Amino acid sequence: MSTLNTDVIIIGGGPTGLSLACQLIRYGIDFVLVEKNDTFTPFSKAIGVQARTLEIYDQLGLATPAIELGTIANRVRLIEGGEVRGEMHLANFGRDMSQFAFLLMLEQSKNEELLYNFIKSHNRDVLWKTELENFSQDASGVTAQIKTAAGESQTIKGMYLAGCDGASSPVRHGLGLTFGGSTFERLFYVADARIDWELPHDALHVALAREVFTAFFPMPGEDRYRIVGTFPEDKDEEPGEVVYQEIEQQIKEQAKLSLEISDVRWFSLYKVHSRRVNKFSKGRCFLAGDSAHIHSPVGAQGMNTGIQDAYNLAWKLAFVVKGMADQTLLDTYNEERLPNAQRLLDSTDRMFELAAGSSWLMSFPHDDLSACRGVRGEFGIGEQASVPVDLADRDQLPQRCAERTHR
Ligand SMILES: Cc1cc2nc3c(=O)[nH]c(=O)nc-3n(C[C@H](O)[C@H](O)[C@H](O)COP(=O)(O)OP(=O)(O)OC[C@H]3O[C@@H](n4cnc5c(N)ncnc54)[C@H](O)[C@@H]3O)c2cc1C
């Protein structure tokens, strides 16, 4: 089989790899994108799209379709003891900083579809069902061995390679980079469901209780929400042992909320990791997205940060490939994204500990939103770059989701 030659080899067709391909199309840079799955994710996964990501989408002409497909949450309501205790308008924070001063709720599957359609509309495509087997690099370029959809081995030669291949990243392993950090012991759950309650569908609702934390993100569709929450600290069940009815009971008892949960379409349990690489690049190879950083879901930042990594990397690759800048420009990718990842881990760890711990009530005087000072940064308003978080068993999510999908 003939060798494929390209400028940039992209491994992984999640939101990060698809975004990198879209950006390279903008700059007229050739790429080959290989993805081992047969299409983009069918699972809702990430739900929050932040201001900076929408600014990036706007440059691709995708902000308007994304907003039309999604639901806008322009405020955060804090609930304690079953009562609304405070409300924060996200627009008040970001009004002078971004035209998208709100949090857009749009499932990861729909973000990936939008990005993929952009690629297709420019007569490019992803090599689906194609898997990276190994790769090597020297001073002149990178050589990747892939297994094609037909099961054959093929060689791709590129000037550069980007590992957008998720938390378990074969590229990161191949480069011998470390992925240091920690795993939180507390069990989290996530569910996409219909909720019948008194509260309006226009805000992110956060319910604070002594032992648990629960967040309700409005999703497209009537009364549909993404519910993310913690179990009490002493909970030590295996994922298969928990049913979502238990969660409904917990919300009613702990958060004192009067609600009915039904039509659960996705339900999963996980532990949260907080990890990052020691370096975002080695030679001609780069990491972006979850391959470089994972963290708690508290700030809804994983997908957003991957898209922003790709944005940072793409224009630098374009300048260097076109001979308009020296190769040392590429060093600034690591110099900028590594501290960004560290800040992301620090802030999401802090938010997570606050959310998962029992300190909410002490730090939350009624009618006082001082406990939410970190929220603006967490939602990417006023930040030109955002940061990373991880869900522990993320690699197993699709399988678990499939096992526990209720329709
Ligand atoms: C329940 C849940 C809720 C979340 N909520 C949010 C949120 O609200 N906001 C947010 O920003 N983020 C959120 N996230 C995080 C978000 O889903 C991830 O950060 C995001 O998927 C990372 O994108 P990625 O492209 O870097 O990696 P991935 O999406 O993991 O994509 C990596 C791709 O690489 C492919 N791959 C791996 N190895 C190979 C190989 N050898 N050859 C070819 N292909 C390969 C994989 O098949 C995969 O498609 C959430 C995640 C979950 C699970």
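**Helix packing and the ligand shell**

Okay, let's start with helix 1 and helix 8: their axes come within 8 Å and cross at roughly 30°. Axes here are lines fitted to C-alpha atoms, for helices over the stretch in contact, and angles run from 0 to 180 degrees between N-to-C directions. Helices are DSSP runs of H or I with at least four residues, strands are runs of E with at least two, and both are numbered from the N terminus. So helix 1 and helix 8 are roughly parallel to each other; the cut-offs are under 35 degrees for roughly parallel, over 145 for roughly antiparallel, 65 to 115 for roughly perpendicular, and oblique for the rest.

Before I go on, this is a predicted model, where local features need pLDDT of at least 70, side-chain atom pairs count only at pLDDT 80 or more, and totals for chains, interfaces and linings use all residues. Residues are numbered from 1 along each chain as its sequence is written.

Back to that pair. The crossing of helix 1 and helix 8 is right-handed, meaning the near helix is turned clockwise from the far one by less than a right angle, with anticlockwise being left-handed. Helix 1 brings residues including P15, S19 and Y27, and helix 8 brings, among them, I307, Y311 and W315. "In contact" means C-beta atoms, placed from the backbone, within 7 Å. By class that's 12 nonpolar, 4 polar and 1 charged. For the classes, Ala, Val, Leu, Ile, Met, Phe, Trp, Tyr, Cys and Pro are nonpolar, Asp, Glu, Lys and Arg are charged, and the others, Gly among them, are polar.

Now, helix 1 (15–27) also packs with helix 5 (108–121), at about 30° with the axes 9 Å apart. Helix 1 and helix 5 are therefore roughly parallel too, but this crossing is left-handed.

R52, T53 and I56 of helix 2 meet N304, I307, Q308 and Y311 of helix 8.

So, which residues come nearest to the ligand? Of the 35 around it, those are G12, G14, G166, G289 and G302, where "around" means a C-beta atom, placed from the backbone, within 6 Å. Helix 1, strand 8 (131–138) and helix 8 (302–321) each give two or more residues to the shell, and helix 8 has the largest share, 4 residues. The shell has 14 nonpolar, 14 polar and 7 charged residues.

Last thing, confidence. Mean pLDDT (the predictor's per-residue confidence, from 0 to 100) is 84, and 83% of residues reach 70 or more. Over residues 360–407 it's below 50, and that stretch has 125 contacts in the model beyond near neighbours in sequence.

Conventions
Two residues are in contact if their C-beta atoms, placed from the backbone, lie within 7 Å.
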